[in-house]
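Colleague: Before we set anything up with this model, could you take me through its local geometry and packing?

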Amino acid sequence: MKAVQITSYGAADVLRVNDVERPAPGAGEVLVAVEASSVNGHDVIVRAGELKMVSGRTFPIGVGLDFAGTVASTGAGVEGCQVGERVWGMVHPRQRHITAGAAEFVVVSADRIAHAPEGISSAEAASLVVAGATALIALRDSVSLADGERVLVRGAAGGVGTAAVQLAHALGGHVTALARDRHAELLTGLGADAVLDYGSTTSDRIGPFDVIVDTVGRELHCYRSRLAKGGRMVTVGLSGPALAAIAASSVHGSRRIRTFSANPDTALLRDLAGHVTSGALRPVVDRVYPLADITAAHQAFERGGVVGKQVLAVSA
């Protein structure tokens, strides 16, 4: 089978589409015939060698956190899914994988998949797994957004950002999106009550906000100061400066900055599918690339400046 692998740490050109042996599911595992995967920040960080403590120094390393496809076979003891059913899911972000979601087949624990939502394609489903799960955990579980609260979404045009705008709106928040001005019409259509151009809007000119969802990972202390009394801030844009700001916020003041690593299980994926089915969350895809163009997909992700996700079409 074909699988994308990292052959050495570095830029996007270290990625290769290799012929590898098709995996087989063990007890409690499911083999999924992958139809689509997407590019996430985690993939880029692993490829660049910034998570060597997890990924190690032995190559090749599999690429792709999320996937959508159909169940090809199941291991012993698996219940609740049948061969041929459409599913979506995610490999474990803190484990090393020789092959991962960007491959023709992937083996995962049965508690890491759920039935994919009806009415959307596999490419659209794959675009929502990590982005949607991250946004849902951030808003519902991390900061417990309440109806009527004022929400700022930084980096609102990206994969997590577009999902956060929609879910914050669905949860009753008054949503301000911070993004490029040219994306204002689309973000308003996703549920933003206001869209501010990040190029001309400084943090001291906005707010206060009850909740801030940050996907950027920079200048966190500036935005933290824009929290109202009792306000909460969560960032998923991890970097060295972001980690320093998170640590400082836990010591100085009550408005600490939260963070987490999205690691959805079946229950969360079911909840996410419910938001898709209800119409509260819809996919936003920038472009779909064939698996052979994985390098171009990673380069597009790193350039930024687009709306939504880069998706890989693994099979028709």
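**Loops, helices and a buried strand residue**

Modeller: Glutamate 79 sits in the loop between strand 5 (66-74) and strand 6 (86-90), and please keep in mind throughout that this is a predicted model.

Colleague: How many Å separate glutamate 79 and alanine 33, C-alpha to C-alpha?

Modeller: Along the sequence, glutamate 79 and alanine 33 are 46 residues apart. In space, taken from C-alpha to C-alpha, the separation is 18 Å.

Colleague: Turning to the helices, at which residue does helix 3 bend?

Modeller: Helix 3 has 21 residues, and its first and last C-alpha atoms are 28 Å apart, close to the 30 Å expected at 1.5 Å a residue. Most of this helix is covered, with 18 of its 21 residues buried. The bend in helix 3 is about 40°, and the residue at which it occurs is valine 129.

Colleague: How are helix 3 and helix 8 oriented to each other?

Modeller: The axes of helix 3 (residues 122-142) and helix 8 (residues 266-278) come within 10 Å and cross at roughly 95°. Angles of 65 to 115 degrees fall into one class, and the two helices are therefore roughly perpendicular.

Colleague: Which residues make that contact, and how many of them are nonpolar, polar and charged?

Modeller: On the side of helix 3, the contact is made by Leu128, Val129, Gly132, Ala133, Leu136, Ile137, Arg140 and Asp141. Helix 8 contributes Leu268, Leu269, Asp271, Leu272, His275 and Val276. By residue class, the contact of helix 3 with helix 8 divides into nine nonpolar, two polar and three charged.

Colleague: Against which elements do the buried residues of helix 8 pack?

Modeller: The end C-alpha atoms of helix 8 are 18 Å apart, which agrees with the 18 Å that its 13 residues should span at 1.5 Å a residue. Its buried residues are Thr266, Leu268, Leu269, Leu272, Ala273, His275 and Val276. The elements against which these residues pack are strand 6, strand 8 (113-115), helix 3 and helix 4 (159-170).

Colleague: What follows helix 3 and helix 8, and what is phi there?

Modeller: Helix 8 is followed by glycine 279, whose phi is positive, near 90°. Most residues other than glycine have a negative phi. Although serine 144 is a residue other than glycine, its phi is positive, near 50°.

Colleague: What is phi of glutamate 219?

Modeller: Glutamate 219 is placed in the loop between strand 12 and helix 6 (220-224). Its relative accessible area is 49%, so it is partly exposed. Glutamate 219 is not a glycine, yet its phi is positive, at about 55°.

Colleague: Finally, with which residues is serine 261 in contact, leaving aside neighbours within four places in sequence?

Modeller: Serine 261 is found in the loop between strand 14 (257-259) and helix 8, where it is partly exposed, with a relative accessible area of 42%. Its C-alpha is separated by 28 Å from that of glycine 199, 62 residues apart along the chain. The contacts of serine 261 are with Pro93 and Arg94.

Notes: Residues numbered from 1 in each chain as written. Predicted model: local features only at pLDDT ≥ 70, side-chain atom pairs only at ≥ 80, totals over all residues. Heavy atoms only, no water. Axes fitted to C-alpha atoms, helices over the stretch in contact; angles between N-to-C directions. Helix = DSSP H or I, 4+ residues; strand = E, 2+ residues; numbered from the N terminus. Parallel < 35°, antiparallel > 145°, perpendicular 65-115°, else oblique. Contact = heavy atoms within 4.5 Å. Nonpolar A, V, L, I, M, F, W, Y, C, P; charged D, E, K, R; others polar. Expected span 1.5 Å × (residues − 1). Bend = angle between axes of the 7 residues up to and from the residue. Buried < 20%, exposed > 50% of the residue type's maximum accessible area, 1.4 Å probe, protein only.
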